[in-house]
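Let's sit down with a model and work out how to read a few of its features. Bring your questions along.

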Amino acid sequence: MSDVTIADPLESAIAELRAGMRGELIGPSDEGYEAARRVYNGMIDRRPALIARPTGAADVIEAVKVARESSLPLAVRCGGHSIAGNSVCDDGLVIDLSRMKGVRVDPMARTARANAGVLWGEFDREAQVFGLATPGGRVTTTGLGGFTLGGGYGWLSPKFGLTCDNLLSADVVTADGQMVTVSERENADLFWGLRGGSGNFGVVTSYEFRLYPLGPLVMGGLLLHSIDRGQEVARAYRDCVESAPDELATAIAVLMAPPAPFVPQHLQGKPVFGIVVLYAGAAEEAEAVVEPLKRLGPPAVDLVQPMPYTAFQALLDPTAPWGLHVYTRALHLQGLSDGAIDTFLEYGTEIAATSPWSQMIIFRHGGAVSRVPEDATAFSHRSTAYMAHPIAGWEDPADTERHLDWIRRFSAAMQTFTTGGVYLNLEGDEGEDKVRANFSAEKYAKLAALKAKWDPQNLFRLNQNIRPEE
Ligand SMILES: Cc1cc2nc3c(=O)[nH]c(=O)nc-3n(C[C@H](O)[C@H](O)[C@H](O)COP(=O)(O)OP(=O)(O)OC[C@H]3O[C@@H](n4cnc5c(N)ncnc54)[C@H](O)[C@@H]3O)c2cc1C
């Protein structure tokens, strides 16, 4: 009998990480493990073998090396907002970047460098100190990581493009443990793939963004109408926004009116039709552009007013609490036809009536997003101006099937009005075929070749995964 013992890969990984990392390591028997393994979506209940919280790039390099050598499943996490739960795994290693904070704004160059664990609320706060901003998350607790790498639609996108369009450079730890900088000038192929190719190509340790002057006060807020005015107001809304400048960012929604003092009593607890409005331009022009929307109906509630940009960015936070069970889809529409509006209202009213956390949104995009050529980045479906985003939210796991059924029925009914494209960042786990189908054949082939070059073993696979070309 040989006296050679085969080391347990997990034990070896833990020993190596303990020796090589400065940051915290959390295992199942450690205090804080239960909280540390939880992600935004309460539907996701996974138990990693180990959670590593790097303090800097050196720790990330170490953790990637150990993951590669141990063959343990690997998940990478920033804000933990992945609807599909891609930032946590069972029985593997999670690289949790949440301790890597820090944003440095260069007000002269109008750029910001942010570390990998920064959330959008934190980023906006630092940039606004200098009266600057870039398109970012519409909920403050969303992480920079998954958001930027998957594209990133913010309220500022019609004016300034996707978040990934404003990424100037990034530092990335690749599967072989190398640290590379990517930009238009350095490793340009990888820079192309990072912008829309999700976390497939490595762990980003810091981002450099372009910034724009904005605020600190912006004109924005919410208009609410009774649901029976929804059809008439949605059609008039379409006519308004289609002739409006890119500075006007909007979305329409069907949601349950909260029992708040600003909502008339007869609408409280009922599905209502809402319009979210932001004017991302000069204050003196805001009134004239926003006014036609405020006159539609008129609204039962008009909360559109000057407010700090950071307050506007936090407006939707109460609708998106951490730990709720959620499932969402994001379907690019051919346009906002009467049929699309009617389907949106019919299903929106049904779901808003069943849960205060469920809502139906149609975002207006286009503008600067559509002016970037389709082949300039890995991101796809730039030309569409509207995106339908049903959100099912519930607290009791026993209700899961009912809510998933609503999402499926709505998606099927809406199909005839869509381009067939989806926004992967807001999709639940719809499978590999969906990822492949979401890129043109040419773009997918380019991404697969890039994956084969930078991550041939598919180490980074817990994401909207691109298979390495064989
Ligand atoms: C409440 C809520 C609001 C949202 N609002 C918007 C919105 O306004 N606009 C929009 O476009 N999308 C929005 N999204 C979708 C959002 O873009 C995605 O969920 C995104 O993945 C979240 O990023 P994260 O870092 O928080 O997620 P995580 O769950 O931490 O990560 C998501 C994916 O990105 C990968 N990843 C994260 N960081 C890195 C990194 N540094 N290097 C490599 N890979 C990494 C992870 O491995 C995982 O696959 C929202 C989602 C939620 C839940």
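Predicted model: local features only at pLDDT ≥ 70, side-chain atom pairs only at ≥ 80, totals over all residues.

Q: How many aromatic pairs does the structure hold?
A: In general, a pair of aromatic rings is described by the distance of the centres and the angle of the planes. Here, rings of Phe, Tyr and Trp (its six-membered ring) pair if their centres lie within 6.5 Å; planes under 30 degrees apart are stacked, over 60 edge-to-face, and the rest tilted. By that rule the structure holds 15 aromatic pairs. Take Trp155 and Phe312: their ring centres are 5.8 Å apart and the planes meet at 70°, so this pair is edge-to-face.

Q: Where do Trp155 and Phe312 lie?
A: Trp155 is in the loop between α5 (144–149) and α6 (157–160), while Phe312 is in helix α10 (residues 309–313), so the pair ties together parts that are 157 residues apart in sequence. Helices (H or I, at least four residues) and strands (E, at least two) are DSSP runs, numbered from the N terminus.

Q: Are Trp155 and Phe312 buried or exposed?
A: Buried means under 20% relative accessible area, exposed over 50%, and partly exposed in between (1.4 Å probe, protein chains only). Both Trp155 and Phe312 are buried. For a tilted pair, look at Phe439 and Tyr444: the pair gets that label because the centres are 6.4 Å apart and the planes are at 50°. Phe439 is buried at 7% relative accessible area, and Tyr444 is buried at 5%.

Q: Which residues do ring pairs link into a cluster?
A: Trp120, Phe123, Phe147, Tyr207 and Phe209.

Q: Which residue lies over the face of Phe363?
A: A charge sits over a ring if NZ of Lys or CZ of Arg is within 6 Å of the ring centre and within 35 degrees of the ring normal. For Phe363 it's Arg138, at 3.7 Å from the ring centre. Likewise, Lys446 lies over the face of Trp192, at 3.9 Å from the ring centre.

Q: Which residues come nearest to the ligand?
A: A residue counts as near if one of its heavy atoms lies within 4 Å of the molecule. Of the 33 residues around the ligand, Val76, Cys78, Ser87, Tyr153 and Tyr423 come nearest. The largest share of that shell, four residues, comes from α5.

Q: Which peptide bond to Pro216 is cis?
A: The one from Gly215, with omega near 10°. The bond from Gly297 to Pro298 is cis too, with omega near -5°.

Q: What is phi of Ser198 near?
A: Phi is near 60°, a positive value in a residue other than glycine. Ser198 lies in the loop between α7 (188–194) and β10 (203–210), and Ser198 is buried at 13% relative accessible area.

Technical notes. Residues numbered from 1 in each chain as written. Heavy atoms only, no water.
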